[in-house]
Amino acid sequence: MLSIRDTAALNSAMADCMPRELQDVLMRRRDQITEDGQYDLSDLAHMIVVEPGDTLTALEAEAGMPLTDDLPFEFIERHPGGWSEAVIILSDDGFGLAFFVPDGDAIDPELRAVFEPRD
């Protein structure tokens, strides 16, 4: 998994071989969250990109909380290019966890089920 806790880590991750569709989503969210650079990402969000081989237990450890089917997601959105985004707001100041999960069979089904859109 890729854990992005601040703007510098996001910029570093962008320099690596990351799918263009994911880069587009992350850049858009970065600009929205940081109000085009007025704030550092660390003040407002922790982004976690799920990768093949990640387990629910490892993801829970990184997120610092249990991830169950009844999480109070602010939203779950599917993006073009095979990525889903799920956001949980953790505090009144708006700090949140943003999970980015690729579609496909390479992701543990138990983990993927946590991030399925709900009716």
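D36 is exposed, with a relative accessible area of 65% (buried means under 20%, exposed over 50% and partly exposed in between, with a 1.4 Å probe and protein chains only). The model here is a predicted one, where local features need pLDDT of at least 70 and side-chain atom pairs pLDDT 80 or more, while totals for chains, interfaces and linings use all residues. Numbering starts from 1 along each chain as its sequence is written, and side-chain values rest on heavy atoms, with hydrogens and water left out.

D36 sits in the loop between α2 and β2 (helices are DSSP runs of H or I with at least four residues, strands are runs of E with at least two, and both are numbered from the N terminus). Its phi is near 55°, a positive value in a residue other than glycine. E35 lies in the loop between α2 and β2 and has a positive phi of about 50°, although it is not a glycine. E35 is partly exposed, at 41% relative accessible area. As background, most residues other than glycine have a negative phi.

On to the sheet. Five strands form an open sheet in the order β1-β2-β5-β4-β3, with mixed pairing (two strands pair if DSSP finds at least two bridges between them). β1 (2-4) and β3 (75-79) stand at the edges with a single partner strand each, so one side of each has no neighbour in the sheet. Neighbouring strands are turned by 15° against each other on average, direction ignored (axes are lines fitted to C-alpha atoms, for helices over the stretch in contact, and angles run from 0 to 180 degrees between N-to-C directions). β4 and β5 pair in the antiparallel sense over 7 bridges, and E85 stands opposite F100 in β5. Helix α2 packs on this sheet, touching β1, β2, β3, β4 and β5, and its direction makes about 175° with that of β2 (contact means heavy atoms within 4.5 Å).

R29 belongs to helix α2 and is buried, with a relative accessible area of 11%. Leaving aside residues up to four places away in sequence, R29 touches M47, F75, E77, H79, E85 and F100.

The largest pocket holds about 150 Å³ of space. On a 1 Å grid over the protein atoms alone, a pocket is an open set of points with protein on both sides within 12 Å along at least five of seven lines, a cavity is a set where a 1.4 Å probe fits but cannot get out, and lining residues have an atom within 4 Å of a point. Points are joined across faces, edges and corners, and a volume is the space filled by probe spheres set on them. By class, the pocket lining has 8 nonpolar, 2 polar and 2 charged residues (Ala, Val, Leu, Ile, Met, Phe, Trp, Tyr, Cys and Pro count as nonpolar, Asp, Glu, Lys and Arg as charged, and the others, Gly among them, as polar).

There is 1 cavity of 30 Å³ or more. The largest cavity has a volume of about 50 Å³, and its lining is made up of R78, S84, V101, P102, D103, R112, F115 and E116. D103 lies in the loop between β5 and α4 (109-114) and is partly exposed, at 42%.
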